[in-house]
Amino acid sequence: MDRKSLFDKLAAHGVRGLQPYVPGKPIDELEREHGITQSIKLASNENPLGPPASALRAINAVASQLALYPDGSGYALKQALAEHFAIDPTCLTLGNGSNDILVLLAESFLTSAVEVVFDQYSFVVYRLAAQAADAVIQVARSNPADHAQPYGHDLGAFKALLTDRTRMIFIANPNNPTGTWVSADELYAFLKEVPAHTIVVVDEAYAEYVSCDGYPNALSWLEQFPNLVITRTFSKIYGLAGLRVGYAISHPDLAEILNRVRQPFNVNSLAQVAAIAALADQKFVQRARALNQSGLTELTDAFSGMGLTVMPSIGNFVLVDFGRPAAPVYEALLRAGIIVRPVANYGLPNHLRITVGLPEQNQRIIATLRKVLETHQ
Ligand SMILES: *Cc1c(COP(=O)(O)O)cnc(C)c1O
């Protein structure tokens, strides 16, 4: 018996069938492999503006204190978030990215005796966290391709899967990789139907990008629904993905549970000060939102003009349907120095997810894709 299969046997039950998360290809790796330069990455929904200058200044100011452990309670960042949202700091849990929060939720509440519900095309970390905890996974069928929210969450399908054992539901709003969303009316009606023993996690990683009417203010429902948990991040519009900082907003009693499982120093000191500075820098956020809005329209119009089907998105990315396997297009873009995201692992082999970039980056992918499609006819 080889070593892998031995350890595979020794691994915890939920870990045995686990496939590791596949991140977007790093620029360095692409350039090393292809011997090219001047590449761009539109693969991981990162902020093309980079980090806010205010956050970099805050990092420099505390760098000399790196010999000290961070504040394990994240006092100052929680105060800043509490003020920003007009909530009590006891509602907050800080995480090493919101991914950490999703895992903390799974570790705290899931066992092999309970069920988890999420959408067929939703963010893959829900599956990873639930599977590692050995929970029973119930996958809700997505909206059909011709729906107004193609491949989006169908909360009716979620509801049909609820049982006495459903301990947790994950709703990505907007969802990654589809860019689709559920409205305030839909979500509110759904929350009213969910029993108290089922925790509803609403993942709002892209919420700050959203400007459409009807998008829920889930925060305003926390008092009415103590089983509601909202997750947010500094990785997307705040431009701090490399630092790893996110948070949950929930009932204080639920936050107290997460705090038992949380590593004592899960958010490092540079991340804490940078997040405080970024949160105060709402001018940066507005700039990023405006830039994204125009870029989203530009990409959507251009790709549609090439005869491709572009899913409507309210995030900082678009899901594009090539109507045939997208892998050759992905490879051709790589050779031209552009990294986008294949989503075959989501069951969408004909699609690519493309992050909105700076205007010149958007121009480059539009021009390159046009050429690629002409040569791959
Ligand atoms: C990017 C993303 C996250 C957050 O990632 P972190 O960097 O860990 O905060 C969470 N949910 C969704 C749907 C995402 O796309």
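A: Helices (H or I, at least four residues) and strands (E, at least two) are DSSP runs, numbered from the N terminus. The model is predicted, with pLDDT of at least 70 required for local features and 80 or more for side-chain atom pairs, while totals for chains, interfaces and linings use all residues. Residues are numbered from 1 along each chain as its sequence is written, and side-chain values use heavy atoms, without hydrogens and water.

Around the ligand (a heavy atom within 4 Å) are Gly97, Ser98, Asn99, Phe123, Asn176, Asp203, Ala205, Tyr206, Thr233, Ser235, Lys236 and Arg244. Helix H6, residues 97-109, supplies three residues, the largest share of this shell. Sorted by class, the shell holds six polar residues (Gly among them), three nonpolar and three charged.

For Asn176, a polar side-chain atom lies 2.7 Å from a ligand oxygen. Arg244 likewise places a polar side-chain atom 2.7 Å from an oxygen of the ligand, and for Lys236 the distance from such an atom to a ligand oxygen is 3.2 Å. On its own the ligand has 390 Å² of accessible area (Shrake-Rupley, 1.4 Å probe), and the protein covers 92% of that area.

Pro177 is found in the loop between E5 and H9. Pro174 lies in the loop between strand E5 (166-172) and helix H9 (184-193), and the bond from Asn173 to Pro174 is cis too, with omega near -5°.

Tyr151 has phi near 60°, a positive value in a residue other than glycine, and lies in the loop between E4 and H8. Aromatic pairs (ring centres within 6.5 Å; stacked under 30 degrees, edge-to-face over 60, tilted otherwise) number 13. The rings of Tyr121 and Tyr151 have centres 5.2 Å apart and planes at 85°, so this pair is edge-to-face. Tyr121 sits in the loop between strand E3 (115-119) and helix H7 (125-132), and Tyr151 in the one between strand E4 (136-140) and helix H8 (155-160), so the pair ties together parts 30 residues apart in sequence.

Terms used:
Polar contact = N/O pair within 3.5 Å; in protein donor to acceptor, adjacent residues only side chain to side chain. Phe/Tyr/Trp six-rings, centres within 6.5 Å; stacked < 30°, edge-to-face > 60°.
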